[in-house]
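Hi everyone, thanks for making time. Have a look at the model on the screen, and I'll talk you through some pairings and packing.

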Amino acid sequence: MASIIIASIPAHGHVTPMLAIARGFVERGDQVRFVTGARFADRVHATGAAHIPLPAEADYDESILQSFPERAKLKGIKAAAHDIEHLFARPAHAQYQTVMAAHAAHAADVVCQWTSETARGRT
């Protein structure tokens, strides 16, 4: 039985594919912990994995205008730059700390996250 940590930003397009992977690991008999946003807790638990919530500064609602109302005024490259900063760069340190705390609490054999390579089935 392997100890596995799965980590994903709190966005449906990133979390949903990883839920199937989590379920497969659980069915195989592995111990799975899934780090992601609080609103995904029920879906994570439904796979048999344990949910580890991201801290508030890294947990946002992907309906960007709800979490970041200032984005409504942005278009094109300015909207893209906003998203990179607020959805990926700023939350990254808190996300990393959460994963590392989970690993420190109980060492994982594997830590995986959603990437474009995951989407292509290359990981």
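Let me start with a term: a salt bridge here is a side-chain nitrogen of Lys or Arg within 4 Å of a carboxyl oxygen of Asp or Glu. A bit of housekeeping too: this is a predicted model, where local features need pLDDT of at least 70 and side-chain atom pairs count only at pLDDT 80 or more, while totals for chains, interfaces and linings use all residues. Residues are numbered from 1 along each chain as its sequence is written, and side-chain values use heavy atoms, with hydrogens and water left out.

So, how many salt bridges does a search of the whole structure find? It finds three. One of them pairs Asp-83 with Arg-71, with the closest N and O atoms 2.5 Å apart. Asp-83 sits in helix α4 (residues 76-105) and Arg-71 in the loop between α3 (64-67) and α4, so this pair ties together parts 12 residues apart in sequence. Helices, by the way, are DSSP runs of H or I with at least four residues, strands are runs of E with at least two, and both are numbered from the N terminus.

Are Asp-83 and Arg-71 buried or exposed? Both are buried, where buried means under 20% relative accessible area, exposed over 50%, and partly exposed in between, using a 1.4 Å probe and protein chains only.

Next, Asp-30 and Arg-28 meet through their side chains in a salt bridge, 2.5 Å from N to O. Here Asp-30 is buried at 9% relative accessible area, whereas Arg-28 is exposed at 57%. Then there is Glu-85 with Arg-90, also a salt bridge, at 2.5 Å from N to O. Glu-85 is partly exposed at 32%, and Arg-90 is exposed at 57%.

Now the packing. A nonpolar core is a set of buried Ala, Val, Leu, Ile, Met, Phe, Trp, Tyr and Cys residues joined through side-chain atoms within 4.5 Å. The largest one has 13 residues, of which Ile-4, Ile-6, Ala-22, Val-32 and Phe-34 touch the most other members. Strand β1 (3-7), helix α1 (12-28) and strand β2 each supply at least two residues of this core, and α1 gives the most, with four.

Last, the strands: β2 (residues 31-36) and β3 (residues 50-53) run parallel, joined by four bridges; DSSP must find at least two for strands to pair. Thr-36 has Pro-53 in β3 as its bridge partner.
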